[in-house]
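Thanks for coming. I will go through some charged contacts and then a few backbone features. Please have the sequence and the coordinates open.

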Amino acid sequence: MRYADVILPVPFETFTYAVPPQMEEHVGEGFRVLVELGKTKHYVGVVLRVHTTPPQGVSLVKPVLEVLDDERSVTPQQLRFWQWIAAYYLSPLGDVYKAAMPGSMKKETKLAKRQRQTKNGKIQSSYAATGLSQFSPAQQQAYDEILSSWRETDVTLLHGVTSSGKTEIYIHLIREMLAQGRQVLYLLPEIALTTQITERLHRVFGDAMMVYHSKFTDRQREEVYRNLLSTSKAFLILGVRSSVFLPFNNLGLVIVDEEHETSYKQQEPAPRYHARSAAIMLARQHGAKVLLGTATPSMETLHLARQGRYGYVRLTQRFADMQLPDIEVVDIARLKFQKRMKGAFSQRLIDEIAAALERGEQVILFQNRRGFSSFVQCRQCGWVPRCEHCDVSLTYHKRTHALSCHYCGATYVLPERCPQCGEVLKMVGTGTERIEEQVQKFFPEARIARMDLDTATTRSTYEQIIGDFAAGQTDILIGTQMVTKGLDFDRVSVVGILDADTMLNQPDFRAYERTFHVLMQVAGRAGRKGRRGKVILQTRSADSPVVQHVVENDFDAMYAEQMEERTIFHYPPQNRLIYIYLRHRDADLLNHVAEDYAAALRKHFSDQLLGPDRPPVSRISSFHIRKMILKVPLTASVTQVRQCLLAVQQQMMQRPLCTNLNIYYDVDPM
């Protein structure tokens, strides 16, 4: 009798099924099969392996019901990659499968034959070698250094200031790789960025390029997936983090653009993988090269580059000798005290916006908070409305005239008066919606657009907002971090950073680094072509070292300061971190179990374990949360750490109290 270990889209490893004799020739590694789980549920699973060993302690092994593929849907290399993701990020293999496959390929109903056929007729391998620009001397030198570094190491960091021409270097490298008949994966951190770069790359590579991201329909993603599965021809795939799961057959190069971006880290649901690390492992499995590009490298990447483990190439000048923007700091703490602020705007910023509009130029305003106001508060007793299901205050959205929880999505009616004392409520804090209202009052003739999670809800709205701004149909673009990430607009001469302190004051050891990254990236949107740009940086912390480093564009000083601090406190890149979360509906039971769990882990990790503590948001969707931090020395065995954590978890889950306890991990958290 033959058996198949099958991966199902549920948070477990594999389930073993019997292979009926009539199916033995058709069931193999990577094939999709229809199986039954429990008494009534049917799932589409992927066969991990076929063997002759019956499962232990099971009297009846359910059979495979149907084979859904004529050819495998998952390659052996993909399965190895899935297993690495599951092992490294301490995530069940079933969760990796859920993330990796297009939804239409996991449907429980029988798939029609025509849906399973690949569209080989549409696959083309030719591309137009047009749209290429000549290198500047600095670009040519960087290009040559990248090729040279790849003779020593497979991973290279390209550290180039904003508008230094990194994308043109990427294009030349892609062209060379496609000419060799190899496939290329070009990763971007945000769907919004694919809008601009797609048109530019399509002019060069034509039908040899495919785009893949989560805003596509299931059918569109399946078409890209199956096209790649059926060919080893040269292709360029442009996509976001989920693109690492595509079935590459002949991968030669992976480009991770804006490699520092936190958007590369999957937060919810599991697997909580980092696409940059996953891409490096993917390339290693395929024998491919990796280029990490950014103007503001992450501490971890730069540390590895300076150790010599990655190649390191630097571009310090903007293309065509364009000057970096002039950054002017405005101390809004002093202006607020003097009552000289106009809403969220200093007079200096208003004047610069007015001058830019007079010249027919464009403006970007960055506010790292969406909604109208951060929260609502009673003027008399201080009451603040909070979410019933989460331990957070509610954000007011004026467009819907409702209070919203940004964690579980619940919405509430805004009370007319305080329910405790009957006094009037006031709006506290400023979001992008409020900024938009103020800008409309200051500049009633200006054409204004807002880009945040409330306005850019679909792929088409993303493209519409960006397209209108690029075409000059919008004068002022207001946005959250979406506007900081690699967008390239010719006419932008002024960038306003309305409140730099909202990022700097986060309770996170990365707050300083992230603030520097975001401020430098958003400042880089100014003056990318033509005249030198102007950045007005409003802050209550004008004397903060990070503000000074941004003004001076002094990345090295920021890096040195942070490395010294992180060495003292054993934070990355000097150590690895694993966050351990416990979640339960009963807070008292959770406290008890968390203390026991921590005591069991300390027998193995001693003072490397911190906690358990309440995270900043300690209840989400009615589940209470406790958190532990494990600081793992770089010399420690990853395999042994993983085995120890899972062994202690298994012991805990056998206790009757832990029946409904959820334990999960965030490896290399951001």
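Let me start with terms: buried means under 20% relative accessible area, exposed means over 50%, and partly exposed is what lies in between. Keep in mind throughout that this is a predicted model.

Salt bridges come to begin with. The structure holds 32 of them.

How accessible is Arg306? Its relative accessibility is 40%, so Arg306 counts as partly exposed. Asp556 has 33% and therefore also counts as partly exposed.

Next, Arg655 and Asp596. These two form a salt bridge as well, and their closest N and O atoms are 2.9 Å apart. Here too, distant parts of the chain are linked: Arg655 is in the loop between α19 (638-653) and β28 (662-667), Asp596 is in helix α18 (residues 587-605), and they are 59 residues apart. Arg655 has a relative accessibility of 26%, so it falls in the partly exposed class. For Asp596 the value is 26%, and Asp596 is likewise partly exposed.

Glu352 and Arg348 meet through their side chains in a salt bridge, at 2.8 Å from N to O. Both lie in helix α11, residues 347-358, and they are 4 residues apart, about one turn of the helix.

A network of salt bridges links Asp326, Glu328, Arg348, Glu352 and Lys534. So if you are on helix α11 in your viewer, both Arg348 and Glu352 are there, and both are members of this network.

On to the backbone. Most residues other than glycine have a negative phi, and most peptide bonds are trans.

Two are cis peptide bonds. Ala270 and Pro271 are joined by one, with omega at about 5°. Pro271 is found in the loop between β10 (251-257) and α8 (275-286). Another cis bond joins Gly611 and Pro612, where omega is about 10°. Where does Pro612 lie? Pro612 is in strand β25, residues 609-613.

The other two places are serines with a positive phi. Ser606 has a phi of about 55°, although it is not a glycine. Its position is the loop between α18 and β25, and with a relative accessible area of 44%, Ser606 is partly exposed. Ser621 also has a positive phi, about 55°, and is not a glycine either. You will find Ser621 in the loop between β26 (619-620) and β27 (623-633). At 36% relative accessible area, Ser621 is partly exposed.

Methods:
Residues numbered from 1 in each chain as written. Predicted model: local features only at pLDDT ≥ 70, side-chain atom pairs only at ≥ 80, totals over all residues. Heavy atoms only, no water. Salt bridge = Lys/Arg side-chain N within 4 Å of Asp/Glu carboxyl O. Buried < 20%, exposed > 50% of the residue type's maximum accessible area, 1.4 Å probe, protein only.
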